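Good morning. I have one structure to go through today, and I will take it piece by piece.

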Amino acid sequence: MRLKMLSVVFGCAALLAGAAAAQTPPVAFDTKAKQILLVDAETGTVLFSRAENDPVPPASLAKLMTMEVVAEAIAKGELSAETVFEVSEHAWRTGGAPSGTSTMFAALKSRVRVADLLQGVAVQLANDACIILGEGMAGTEAAFAEKMTARARVLGMPIATFRNATGLPDPQNQITMSELVALTRHLHEAHPDLYRLYAQPEFEWNKILQRNKNPLIAANVGVDGVATGFAEGYGFSLAASMQRGDRRVYLAMGGLETDKERTEESRKVLDWAMTAFEKRRIFADGEAIGEASIYGGAAPHVALVAGGPVDVLLPVSNPERLTARVVYKWPLRAPVEAGAEVGVVRLWNGEKLLREVPVKTAEAVGQGTLASRALDALQELLFFWL
């Protein structure tokens with residue numbers, strides 16, 4: 001079987017009213033982040049990307065996976081928010097008061113509720129809380145880290161690897177910006193009650209008040225999560241989600257030189273995401289996007305449609321040409337059912353891939369006559385011979 005690609009080219013004037021009036025091309029937006037992925041939540045449009053699939057140290061952003069594993073266990077009834085775990089010496093020394101790292105100051109041999117530990121992780125990025133949760137759930141932190149990596153694979157994250165529950169330095173800890181965006185989105189959509197913890201401006205526990213370590217929360221710009229990180233030799237990183245009006249975006253960025261630069265760049269990127277784009281409908285619900293060839297069918301082709309309307313976000317002033325490319329395995333073999341997912345349509349703005357949407361057959365196509373199938377076989381043989 002061969003992949004076949006059908007391209008549809010859209011004129012900018014038809015899609016972007018007023019774009020042709022621009023006298024000079026807009027200045028390209030950029031950021032100091034070495035790796036970044038910025039995605040619109042509703043349409044899935046990639047608004048900005050750079051080296052988003054490069055493995056990088058997750059640092060404290062690994063705690064997002066710690067939270068996800070715990071949240072999933074609670075959702076399945078394997079764990080309760082009222083479950084109490086004891087603070088081991090390892091958790092106390094490695095992530096507690098003696099460690100000099102982010103901590104909720106859980107006392108050695110004390111017992112802490114899961115609900116409090118989750119708040120400690122979300123608001124304070126507490127290393128002791130992560131280790132206490134990991135040991136409580138899996139017996140050892142290393143065993144819990146294996147659960148984190150396994151869960152990452154289930155969630156479709158092929159690169160993310162964890163050797164501890166905290167993201168503290170380990171050469172095998174790694175993740176990508178693409179995976180961080182996917183994980184942030186999953187936490188927000190699958191575990192909204194837990195996700196709300198990330199928006200707390202502060203958390204007081206055991207008579208100790210600590211403010212949220214995410215500076216964008218205090219800035220009150222619409223960011224409602226999620227976490228920051230720092231790795232020696234790599235720099236400062238961040239994963240965030242912003243809601244403004246009816247728009248939400250997900251952002252992961254890293255490789256920034258200072259805490260101040262991370263805050264400034266993330267605010268700049270998020271503000272640009274919310275002001276520089278407008279939504280455009282590319283295909284209506286049920287509109288034929290293209291057609292696929294059918295081998296041995298009662299009809300030689302079948303129309304392809306998406307599962308619903310296809311929208312993208314485009315820059316307000318867009319000098320690029322928008323194209324749609326349908327990719328499927330050629331040819332489809334009869335019989336073909338209606339609604340069968342057979343490929344994808346990829347939407348490009350110039351050379352930038354905006355989003356990828358599955359395409360389905362618009363109708364069923366049965367097997368053709370013996371003569372038509374013989375003719376199709378001859379044509380396929382000739383195609384491959386040529």
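How many helices and strands does the secondary structure of the protein chain come to? The count is 11 helices and 18 strands. Please keep in mind that this is a predicted model. The protein chain has 386 residues, and 49% of them are buried. On contacts, take those between residues at least 6 apart in sequence: 65% of them join residues at least 24 apart.

Let me start with a helix pair. The crossing of H2 past H5 is left-handed. Which residues make the contact? From H2 they are Lys63, Thr66, Val69, Val70 and Ala73, and from H5 they are Asn127, Cys130, Leu133 and Met137. Sorted by class, that contact has six nonpolar residues, two polar and one charged.

Next, the open sheet. Five strands form it, in the order S3-S2-S10-S9-S8, with antiparallel pairing. Which strands stand at the edges? They are S3, residues 46-50, and S8; each has a single partner strand, so one side of each is left without a neighbour in the sheet. On average, and ignoring direction, neighbouring strands of this sheet are turned by 5 degrees against each other.

Inside that sheet, S9 is joined to strand S10, residues 247-256, by eight bridges, and the two run antiparallel. Helix H10, residues 259-275, lies across S2, S3, S8, S9 and S10, and runs at about 150 degrees to S10.

Now the loop between strand S8, 223-231, and strand S9, 235-244, where Glu232 lies. Is Glu232 buried or exposed? Glu232 is exposed, because its relative accessible area is 73% and the cut-off for exposed is over 50%. The C-alpha atom of Glu232 is separated by 9.1 Å from that of Ala59, although the two are 173 residues apart along the chain.

There are also hairpins to show. Strand S6, residues 202-205, and strand S7, residues 208-211, run antiparallel and are joined by four bridges. Glu202 has Arg211 in S7 as its bridge partner. Two residues lie between S6 and S7 in this hairpin, and Asn206 in the turn has a positive phi of about 55 degrees. What is on each face of S6? Phe203 and Trp205 are on the covered face, while Glu202 and Glu204 are on the uncovered one.

Further along, strand S17, residues 341-349, pairs with S18 in the antiparallel sense over eight bridges. Arg346 stands opposite Glu356 in S18. S17 and S18 also form a hairpin with two residues between them, and here Gly350 in the turn has a positive phi of about 65 degrees. S18, residues 352-361, pairs with strand S13, residues 301-306, as well, in the antiparallel sense over three bridges. Within that pairing, the bridge partner of Leu304 is Thr361 in S18.

That is where I will stop.

Key:
Residues are numbered from 1 along each chain as its sequence is written. This is a predicted model: local features need pLDDT of at least 70, side-chain atom pairs count only at pLDDT 80 or more; totals for chains, interfaces and linings use all residues. Side-chain values use heavy atoms; hydrogens and water are left out. A crossing is left-handed if the near helix is turned anticlockwise from the far one by less than a right angle, and right-handed if clockwise. Contact means heavy atoms within 4.5 Å. Ala, Val, Leu, Ile, Met, Phe, Trp, Tyr, Cys and Pro count as nonpolar, Asp, Glu, Lys and Arg as charged, and the others, Gly among them, as polar. Buried means under 20% relative accessible area, exposed over 50%, partly exposed in between (1.4 Å probe, protein chains only). Two strands pair if DSSP finds at least two bridges between them. Axes are lines fitted to C-alpha atoms, for helices over the stretch in contact, and angles run from 0 to 180 degrees between N-to-C directions.
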